[in-house]
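The sequence and the structure come next.

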Amino acid sequence: MANRHLSRSIAMQSLYEWDFKGRKNEQLDGIIQKNIAEFGPGMEDNSFVFDLVKKTLENRTKIDQLIEKCAPEWPINQVTLVDRNILRLGIYEILFGNYEEVPPKVAINEAIELAKSFGSESSGRFINGVLGTIYRELGEPMKDDFSGKEKKPKEK
């Protein structure tokens with residue numbers, strides 16, 4: 001498993017556990033460290049895991065509002081814990097992440113893969129639908145070219 005994919009997997013599991021155990025911030029570092037030891041033994045650089053989890057939670061209020069806006073039939077407390085935390089990670093990477101390191105489409109694909117691994121049979125479609133809606137609302141940044149070239153404006 002690629003290191004970044006493994007890091008996202010551990011980050012998602014850490015967010016899930018934090019959410020499941022009552023969202024106690026004082027337990028967060030211990031949860032992350034335990035999950036790195038369990039699921040990523042020998043990982044040399046775990047800073048990506050810590051960054052993903054902490055920055056996702058720093059932006060959780062904005063992220064959760066987006067989830068509710070883009071999935072209005074699913075109030076945030078009715079979205080499964082797994083799907084909710086995969087969406088949080090994906091939205092964090094799409095909105096607040098570094099596009100040069102992780103283009104939006106890569107973030108979406110990674111979230112879908114996490115949903116297929118950890119979620120229900122319909123999780124992949126749900127995650128894709130919500131993240132796709134957000135991506136389109138942003139104007140599909142980097143849609144045609146990941147090299148950093150500007151996208152040509154559409155003719156009217």
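The model is predicted. Its largest nonpolar core holds 43 residues, and those that touch the most other members are Ile86, Leu87, Ile127 and Leu131. At least two residues of this core come from each of α1, α2, α3, α4 (60-70), α5 (81-96), α6 (104-118) and α7 (123-137). The most is given by α5, with seven residues.

With neighbours within four places in sequence left aside, its contacts are Leu87, Gly90, Ile91, Ile94, Ile108 and Ala111. In soluble globular proteins, nonpolar side chains tend to be buried together.

## Helix α2

Helix α2 runs over residues 28-39 and has 12 residues. From first C-alpha to last it reaches 16 Å, close to the 16 Å expected at 1.5 Å a residue.

Which residues of α2 are buried? They are Leu28, Ile31, Ile32, Asn35 and Ile36. These residues lie on the same side of α2, because they cover an arc of only 130° around the axis. An α-helix has 3.6 residues a turn, so residues three or four places apart point the same way. The cover over the buried residues of α2 includes α1 (3-20) and α3 (47-58).

## Arg23 in a loop

Arg23 sits in the loop between α1 and α2. Its phi is near 60°, which is a positive value in a residue other than glycine.

Is Arg23 buried, exposed or partly exposed? Arg23 counts as partly exposed because its relative accessibility is 38%, and partly exposed lies between the limits of under 20% for buried and over 50% for exposed.

Technical notes:
Residues are numbered from 1 along each chain as its sequence is written. This is a predicted model: local features need pLDDT of at least 70, side-chain atom pairs count only at pLDDT 80 or more; totals for chains, interfaces and linings use all residues. Side-chain values use heavy atoms; hydrogens and water are left out. Helices (H or I, at least four residues) and strands (E, at least two) are DSSP runs, numbered from the N terminus. The expected span of a helix is 1.5 Å times one less than its number of residues. Buried means under 20% relative accessible area, exposed over 50%, partly exposed in between (1.4 Å probe, protein chains only). The arc is that of the directions from the helix axis to the C-beta atoms. Contact means heavy atoms within 4.5 Å. A nonpolar core is a set of buried Ala, Val, Leu, Ile, Met, Phe, Trp, Tyr and Cys residues joined through side-chain atoms within 4.5 Å.
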